[in-house]
Amino acid sequence: MRIMQHPILGNSEPRKTVKFTFDGKILTGLEGEPIAVALKENGVMIHRYTSKQHKPRGIFCAIGRCTDCVMVVNGKPNTRTCITLLKEGMDVRTQDGVIAKGEKIDGKI
Amino acid sequence: MSDTKTANVIVVGSGIVGNSCAYYCAKKGLSVIVLDEDIIGNGASSRNGGGVRAFFRNPLELPLAKYAIDNIWPHLSEELGVDIEFKQGGNFRLGIGEKEEANLKKLAKEGNEQGLKVDLMNQKEVQNFCCYVSPEVTYAAYCHNDGHANPLITTLAFYRKAKAMGVKYYTGEEVVKLATIRGKVRKVITALGNCYEGDAIIVAAGCASTKIVQTVGIDMPHAPSIIEAFVTEAMPPLFDFMMGTASSAFYGHQTKHGSFVFGGGSGFESFNDGYSDSCPTRQITAPSVMRGIMKYFPCLHDLKIIRTWAGWINNTPDGCAVIGPVDDLPGLYIAAGYTGHGFCMGPVTGKILSEVISGEKPCVSYEQLKLSRFKARQ
Amino acid sequence: MERYDLIVIGAGPAGLSAAIEAAETGMKVVVFDENKRPGGQLFKQIHKFFGSKEHKAKVRGFRIGQELLQDAEKAGVEVHLSAVVIGIFPHLGITVSKDDHIEHFKANSIIIATGASENALPFSGWTLPGVMGAGAAQTMMNLYREQPGKKILMVGSGNVGLVVTYQLLEAGCEVVGLVDVLPRIGGYGVHAAKIARTGVKFYLSHTIVKAEGDKEVTGAIIAEVDKNFKVVKGTEKHLDVDTICLAVGLTPMSNLARMAQCQMVNKGGAVPSCDEYGATSIAGIYVAGDVGGIEEASSAMIKGRIAALGAAKYCGYITEKEAAEKFVVYHTDLNKLRQGMFAPGNKEKMTCTKTREGYPLSMNLLTKGFLTEKELAVFPDCLQEVRGIHPVVECTQNIPCNPCQDICPMHCICVGEDITNLPVINHTQKCSGCGRCVANCPGQAIFLVEQGEKEDHVTIPYEFLPLPVPGEKGCGCDRSGAVVCETVIKAVKDLPANDHTVLVTLAVPPGMGNTVRFYKKEGGVI
Amino acid sequence: MKVTYLNRDIALGPYVPQEDDDVIICRCEEITKGEIRRAIHEGMYTMTEIKRFLRTGMGLCQGQTCTRLIKNILQNEMKRAVQPNEEPTPRAPARPLAMENYGKELVK
């Protein structure tokens with residue numbers, strides 16, 4: 001949930017909302033916030049499933065170090081969503097192993 | 001100084017060569033001690049690109065490489081009890097332009113004459129074979145025999161198995177001197193003042209070998225150079241082959257893990273501060289190799305690089321390894337000077353030396369690689 | 001290749017301070033930082049810092065960050081953001097990745113100020129979404145204004161765990177509890193007291209056993225541990241949480257120093273061995289801030305300035321003598337922060353039982369986060385009967401901090417030369433009731449009390465929303481967060497000078513003035 | 001870098017399973033505590049050997065999360081203090097970097 005009023009930081013200033021897709025669904029977020037924050041606001045906790053054990057992962061360090069929150073963004077896998085900023089029309093997909101969830105390996109990159 | 005430790009065989013160096021010597025000797029029932037100045041396999045064995053190749057091999061080394069690929073590598077995972085990720089996916093050498101085409105044709109002809117199976121492909125055939133190759137590539141040679149494996153795991157798997165069979169390992173134990181007893185090399189003395197004694201001393205210490213054998217008056221010519229490698233993030237499996245170019249701009253393969261390992265140089269490899277126990281990467285090398293890769297495989301451009309590293313290559317005058325006993329000095333065996341081929345040749349070296357030390361006929365002839373081959377020009 | 005006199009890696013408190021100091025000597029300085037904004041971790045520190053004036057005490061961390069940036073700009077420092085130093089190479093070569101390319105640089109000197117990263121704590125289920133670093137939670141709520149969760153368990157009671165817990169409460173989250181494997185709260189007592197009085201429960205000598213859930217965290221299981229930190233079977237309990245925050249220490253991020261082949265030593269992780277100026281074993285390479293050993297941001301700023309003196313000296317921009325003179329000044333400031341029971345490397349932290357003045361340390365404060373009135377009564381200026389309005393300073397551990405002394409216009413509070421002394425009330429001076437001490441104590445440990453016949457008045461620092469309004473009726477809470485009486489809001493003062501620490505004056509029944517320390521709305525919620 | 005002398009004829013005793021062996025230690029490569037302990041018992045006595053044998057710390061985060069944890073496991077298992085210079089050597093790039101960017105050198 002967004003913190004609209006904060007006792008120290010004051011009130012949230014209005015910011016531009018943008019649309020992006022998450023696994024094909026259209027969601028909205030604030031322009032320039034990390035993708036991970038926009039997803040969290042939309043209730044998305046699972047960013048990817050691991051290769052070996054197929055376990056869910058999400059935000060862990062939030063500063064681009066642990067690489068746990070990686071997703072397929074605009075077709076590029078392993079994109080750190082906690083430090084990649086949201087732009088209008090971004091295509092964000094849950095990563096499954098090293099590719100997007102549901103994607104087939106058809107010999108094309 | 002502690003008591004002298006004795007064994008049938010003392011191996012200096014715990015890289016893939018040293019560990020394979022230890023393993024095969026132990027398999028013959030010999031007692032073995034392995035000494036390393038560093039931790040296990042921290043030299044070229046853990047820094048190479050994992051190529052297992054007979055194609056484009058110097059005829060001196062070819063019999064050993066072929067024997068290894070036919071008889072050792074395919075069974076190594078089973079033998080060592082660890083998946084060493086050997087994949088016989090072939091060797092794909094790419095060329096651009098007429099000059100390189102001619103070069104590849106010559107190599108293919110030689111390869112086929114040597115009993116390898118090498119196909120030549122024109123631009124269209126290359127595209128049909130692998131859609132990831134740049135259309136700029138006009139010609140390619142594909143050798144079916146070659147493959148690749150995981151050098152890190154293979155080296156440690158030999159160590160693990162040898163250790164389990166009773167081989168004694170001492171690391172952080174830098175050998176500074178060999179010594180003879182009654183005309184036979186028997187003693188190994190370390191920087192810490194420890195002494196080891198054996199019937200056979202195998203020096204398999206990579207670039208450090210020359211200095212070690214000098215202590216018993218053996219001159220082994222070598223010219224260490226630094227080459228770099230790097231690894232990418234993992235991808236779904238795209239291809240099984242070892243890739244390289246006619247111009248030797250880079251080499252590499254996709255690992256079982258999905259990451260790509262590439263190696264190459266910037267052209268300044270032979271110009272360095274001289275062999276030492278460190279080999280930092282240079283600012284200019286990795287980017288130059290990457291540009292080479294993207295020229296041949298443009299689709300890999302957005303693969304993320306995870307790590308780069310460098311390693312020493314122990315070059316000899318003819319670019320081939322020095323393997324076998326030293327003619328005029330009984331007790332001393334050399335397995336060094338691999339000129340970048342030690343990974344592929346390591347396992348077979350161990351087998352050969354274990355047989356020679358046991359007085360058996362070696363599985364493949366190696367005499368052409370003995371140190372005595374180096375003679376001054378007429 | 002472009003060459004600089006000094007390349008600073010990291011635009012946090014240490015790096016920026018180093019760059020400013022160096023630029024003032026005339027060096028050509030550039031700072032590279034991988035983040036999109038400068039300041040390092042300062043911009044998520046929304047609490048007021050401890051220390052003294054020279055350490056920017058009582059200023060909120062993010063404001064210190066803003067000040068540093070302005071100073072850097074004034075000093076002519078070049079700051080490159082989103083610029084990742086991907087490697088340090090032999091002979092002081094640095095390669096930076098920026099935008100879509102890399103660029104190579106040469107330096108005459110380098111200061112590595114890359115800070116620290118959060119430690120991990122492996123347990124069953126710790127890879128589930130919903131388990132995150134305390135710093136991650138802080139980043140989300142204080143930088144991006146997104147609640148990291150609704151119901152949160154904090155693991156670790158060091159200053160990070162305590163401060164982030166408080167900030168989670170400020171952000172409107174519920175903190176279900178705070179777990180620590182040690183038998184004592186690791187951070188400052190005043191930080192613990194701030195959250196204890198809101199009702200947060202401490203589970204000392206406890207560990208987290210499991211994060212429950214298949215797809216995300218749906219609960220946590222904690223259990224008691226014995227002296228060897230092994231779980232005592234049968235003590236497991238379930239906590240209803242959706243988020244688990246890990247605050248189990250920091251490790252210096254010394255990767256670049258190791259890449260540069262600096263000699264390393266163990267100091268809460270591998271750190272470069274260095275001299276008093278931060279000079280490493282590689283000539284020309286210096287370290288500053290947490291990368292050389294974990295301390296507070298206030299210390300990092302001074303360490304940055306000292307490393308800059310080293311680099312300026314090395315490059316011939318100042319003389320040995322000039323460096324030594326300034327060094328003495330900075331080192332004195334630094335030493336002031338390194339005193340007291342929480343001083344870095346103080347082995348007695350877990351065993352000491354008395355303050356330097358000889359008062360017994362409160363065991364309740366160390367295990368539950370609050371002092372009992374009995375324990376507090378031992379301290380001379382806390383619970384005695386005083387006529388008229390007066391400050392009650394519940395600061396019972398020797399920590400390096402003295403804004404209370406500087407802020408009081410009536411000179412009622414005295415800390416003295418050594419800033420780790422406990423504050424003492426000067427009874428010859430009369431309190432004016434202005435409340436500046438209450439609002440400016442970084443530990444929120446000062447209260448104004450006025451005892452009366454009909455009612456007592458207590459003025460507390462308050463940083464939660466919505467603010468109460470005069471006349472509002474609510475609950476008076478004691479130091480443990482328990483509701484002890486009804487209360488009416490007498491006054492609410494939100495002064496710009498107090499930077500969002502609001503003074504709330506409560507009317508409580510007579511005799512409760514020394515008991516009530518927090519206000520909750522009807523129903524006992526913040 | 002000189003390394004400490006180590007006689008590898010070490011009696012660690014047999015590998016005895018522990019309750020928390022299935023807890024993930026290296027999050028990137030999904031290596032468990034049990035796998036690490038087993039590798040130590042098989043002779044991987046240094047952090048670098050463990051790394052090369054199991055891939056711990058070789059994933060996307062480059063060992064930034066698990067290095068300290070593995071150090072602790074190794075110390076506990078071997079009852080010896082692991083020296084700072086035993087930690088695997090950090091390598092460029094300090095953060096993952098796409099080849100097209102790494103290969104594009106800006107020359108001024």
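This is a predicted model: local features need pLDDT of at least 70, side-chain atom pairs count only at pLDDT 80 or more; totals for chains, interfaces and linings use all residues.
Me: Fine. How is chain B divided?
Reply: Chain B has domain 1 (5–50 + 152–221 + 318–373), domain 2 (91–144) and domain 3 (223–315).

Me: How many residues of domain 1 of chain B are in contact with domain 3 of chain B?
Reply: On the domain 1 side 14 residues take part, and they meet 14 residues of domain 3 of chain B. The domain 1 side of that contact has four nonpolar, nine polar and one charged residues.

Me: And what separates the centres of those two domains?
Reply: Taken over C-alpha atoms, the centres of domain 1 and domain 3 of chain B are separated by 27 Å.

Me: Next, the contact between chain B and chain D. How many residues does it take from each?
Reply: Chain B gives 38 residues and chain D gives 30 residues.

Me: Which elements of chain B give two or more residues there?
Reply: Helix 6 (151–164), strand 8 (168–171), helix 8 (285–296) and strand 16 (304–315) of chain B. By class, the chain B side has 19 nonpolar, eight polar and eleven charged residues.

Me: What does strand 16 of chain B pair with in chain D?
Reply: With strand 4 (residues 97–98) of chain D, in the antiparallel sense over two bridges. Within that strand of chain D, Ala98(D) is the bridge partner of Lys304(B).

Me: Where is the cis bond in chain C?
Reply: Between Leu465(C) and Pro466(C), where omega is about -5°. Pro466(C) sits in the loop between strand 26 (456–462) and strand 27 (473–477) of chain C. As background, most peptide bonds are trans.

Me: Back to chain A. What is its secondary structure?
Reply: Chain A has one helix and eleven strands. Read from the N terminus, the elements go β-β-β-β-α-β-β-β-β-β-β-β.

Me: What box does chain A fill, and how much of it is buried?
Reply: The C-alpha atoms of chain A fill a box of roughly 50 × 25 × 20 Å along the principal axes. Of the 109 residues in chain A, 46% are buried. As for contacts in chain A between residues at least 6 apart in sequence, 41% join residues at least 24 apart.

Me: What is the strand order in the five-strand sheet of chain A?
Reply: The order is 4-3-9-7-8, in an open sheet with mixed pairing. Strand 4 (25–30) and strand 8 (76–80) of chain A are at the edges with a single partner strand each, so one side of each has no neighbour in the sheet. On average, neighbouring strands of this sheet are turned by 40° against each other, direction ignored.

Me: How do strand 7 and strand 8 of chain A pair?
Reply: Strand 7 (residues 70–73) and strand 8 of chain A pair in the antiparallel sense, over three bridges. Val73(A) has Lys76(A) as its bridge partner in strand 8 of chain A.

Me: Is Ala62(A) buried or exposed, and why?
Reply: Ala62(A) is buried because 30 other C-beta atoms lie within 10 Å, and the cut-off for buried is 20 or more.

Me: What about Asp99(C)?
Reply: Asp99(C) has a positive phi of about 50° and is not a glycine either. Its place is the loop between strand 6 (93–98) and strand 7 (101–107) of chain C. Asp99(C) counts as exposed because it has 11 C-beta neighbours inside 10 Å.

Me: Staying in chain C, how many residues of strand 12 are buried?
Reply: Six of the seven residues of strand 12 (residues 174–180) of chain C are buried, so this strand is largely enclosed by the rest of the structure. Strand 11 (residues 151–155) of chain C pairs with strand 12 in the parallel sense over five bridges. There, Leu153(C) stands opposite Gly177(C).

Me: Last topic. Which residues touch the most other members of the largest nonpolar core?
Reply: Ile202(B) and Ile111(C), in a core of 365 residues. Helix 7 (residues 297–314) of chain C gives the most to this core, with eleven residues.

Me: What does Ile202(B) touch?
Reply: Not counting residues up to four places away in sequence, Ile202(B) touches Val9(B), Val11(B), Val12(B), Cys21(B), Tyr333(B), Ala335(B) and Leu353(B).

Key: Residues are numbered from 1 along each chain as its sequence is written. Chains are lettered from A and ligands numbered from 1 in the order in which they are written. Domain bounds come from an automatic or database domain assignment. Two residues are in contact if their C-beta atoms, placed from the backbone, lie within 7 Å. Ala, Val, Leu, Ile, Met, Phe, Trp, Tyr, Cys and Pro count as nonpolar, Asp, Glu, Lys and Arg as charged, and the others, Gly among them, as polar. Helices (H or I, at least four residues) and strands (E, at least two) are DSSP runs, numbered from the N terminus. Two strands pair if DSSP finds at least two bridges between them. Axes are lines fitted to C-alpha atoms, for helices over the stretch in contact, and angles run from 0 to 180 degrees between N-to-C directions. A nonpolar core is a set of buried Ala, Val, Leu, Ile, Met, Phe, Trp, Tyr and Cys residues joined through C-beta atoms within 7 Å. A residue is buried if 20 or more other C-beta atoms lie within 10 Å of its own, exposed if 12 or fewer, and partly exposed in between; C-beta atoms are placed from the backbone.
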